[in-house]
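Colleague: I am new to this structure and would like to understand its charged pairs. Could you walk me through them?

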Amino acid sequence: MQKISLPERPDWRQTARDAGFTFADMHGEPYWEESSAYRFDLRQIEDDIEDPSTELHAMCREAVAAIIASERLMTRLGIPEAHHDLIADSWNRAEPEIYGRFDLAYDGKGPAKLLEYNADTPTSLYEAAAFQWQWLEDQLANGVLAEGSDQFNGIHEALVERFRELFPKGTDLHFTAAAGNPEDYATVEAMGWAAREAGMGAHYCDLDKIGISAEGQFLDGEDRVMETLFKLYPWEDLLQDDYASHIVGSGCMFLEPAWKAVLSNKGLLPVLWQMFEGHPNLLPAYFADDVADALVASGRADRAIADSFDRAADAMRRGHVVKPIFSREGASISIVENGEVSETSPNTDYDHHPRIVQAYHPLPEFDGFRPVIGAWIVGQNCVGMGVREDRSRITQDLSRFKPHFIAG
Amino acid sequence: MRKRSRTVALTILGAASFAVAGCREEQVDAQAFPDLASCQAEAANGGLFTAEECEAAFAEAEALHVEAAPRYESLEVCEEQHGQGNCGSEAEQVSNGGSGSIFMPLLAGYLIGNMLGRAGGGMAAAQPMYRNASGGFTNAARTSSFSSNSGRGTMGAQQFTRPASTVGKAPMSRATATSRGGFGSRTGSRGIGG
């Protein structure tokens, strides 16, 4: 794994504009940044990213089953009691997952470490699946990249295949996202393209235009009944909305399914550690309430996890990250080293949620930037990758998307 | 073995592209303009439409604005839907005697479709555009949203359905203006992504 300076495509801004990629620059900073790229070798991709991520998703599925079987865990994960059944039913009916993105810390050598799973509403799909792909094709054509260079990016093809295997040709699928946000919209449209290519009817409706019929079915902006709805809107928010009570009985299948609410939740991390302690791709993690006393003083951890905590105590005291169970774009996250807060996110939107603590595993640094690997899951397999990097130790919404390639 | 897709879709077309997805709806070349002058400037540079078409479409959009703009019972409700400063009374916007207590969004642009003679019979080649509350644009029926009031693209012909008249109908209250929207109470200007 290296970061390599490369000439930018002279016309990439025009290419981005023509493609409708309107957020290639955001807040006056480049978001898409191609003056350098990350280079990996095939072994790193296949042995350190692809196979471990596929395995992590399988472990996450085991965790879902365990969480859903336990009222106590559901409550700890902040799932409103009124909706426990909705989530359990969606799992028991085996409602299908479409996609997700693991965020991994990886430096090219040791095992990649799971930071979190964006299993419900991952964005940057368009950048990863399409714009990054075009960069590789263009740079091969320009002779900037050596012939035979490749990219870990079968995301689009895998999505097409996933839709094909799940739905008969000609099935009408609806797609929704909050209006007026081009980043979210781009992810939804990238998904819609794949559905269309798989032979589906794809229809878009702004989230706030969704209505409800007298019979309790969800309607799109043109009063068409929606039977399958891909929503780029998190379950934890959806379940707080007025229409949440209509989901059961609407006859509408939601994608991602409701059971993803327990994966896209940092409460997953302590559950995984309890189930798979010592797994090379996991970091020790605990619910903050269970270990708060043990972390700050000579107090004891909660009896149920005390032995496990003893084994991780040195690492946890050396450094840990405090994360609310729900948080996006790095909000409300702090890093604590040797008892001192050494870094904290300026965004405190999620401060009121319960927290977890995870052993601190520093991101590698390349030219002053710290990359996080986004490993994309489609169905149950890892099929591609995107890299985002940030100057800060906490990856935030100003991070930059960097292309990658495979050589050697 | 190759680790990347053979082909991908590179283009983000905007919400209207979804409508043509099932290949059931005809596609129309369309262009949006903030005002008549910008359409005519483009016409002079060999744009999609001639100066005469600009003028006819603009007149049609203005007529549809008078006839079918969303109408609200108060300035507050109108501004909730269309943003502050983007509404005015019917009396101000309709020449022959509108009400001073009914409020409509101000015309903020228009969309012209290359209908090739298909206009008429429930279709209109031009549509008025209005500001929406999130800084983008919407149509008279408030069923579509557009990120901009200038630009060109291909969209479903149903975008050019003639909007239902709102003249003489009861203006929308807050309850009727927001009768949809049981989802999304937690969306802000920020993306949701992680």
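Modeller: Gladly! A salt bridge is a side-chain nitrogen of Lys or Arg within 4 Å of a carboxyl oxygen of Asp or Glu. This is a predicted model, where local features need pLDDT of at least 70, side-chain atom pairs count only at pLDDT 80 or more, and totals for chains, interfaces and linings use all residues. Residues are numbered from 1 along each chain as its sequence is written, and side-chain values use heavy atoms, leaving out hydrogens and water.

Colleague: How many salt bridges does the structure hold over all chains?

Modeller: Side chains of opposite charge can pair when their charged atoms come close. Over all chains, the number of salt bridges is 35.

Colleague: Which residue forms a salt bridge with A:Glu33?

Modeller: The closest N and O atoms of this pair are 3.8 Å apart. A:Glu33 sits in the loop between strands E3 and E4 of chain A, and its partner is 367 residues away in strand E20 (strands are DSSP runs of at least two residues, helices of at least four, numbered from the N terminus). Both residues are buried, meaning under 20% relative accessible area, with exposed over 50% and partly exposed in between (1.4 Å probe, protein chains only). The partner is A:Arg400.

Colleague: Why does the pair of B:Arg2 and A:Glu137 join two chains?

Modeller: Their side chains meet in a salt bridge at 3.8 Å, N to O. B:Arg2 lies in the segment before helix H1 of chain B, and A:Glu137 in helix H5 of chain A, so the pair joins two chains.

Conventions: Chains lettered and ligands numbered in written order.
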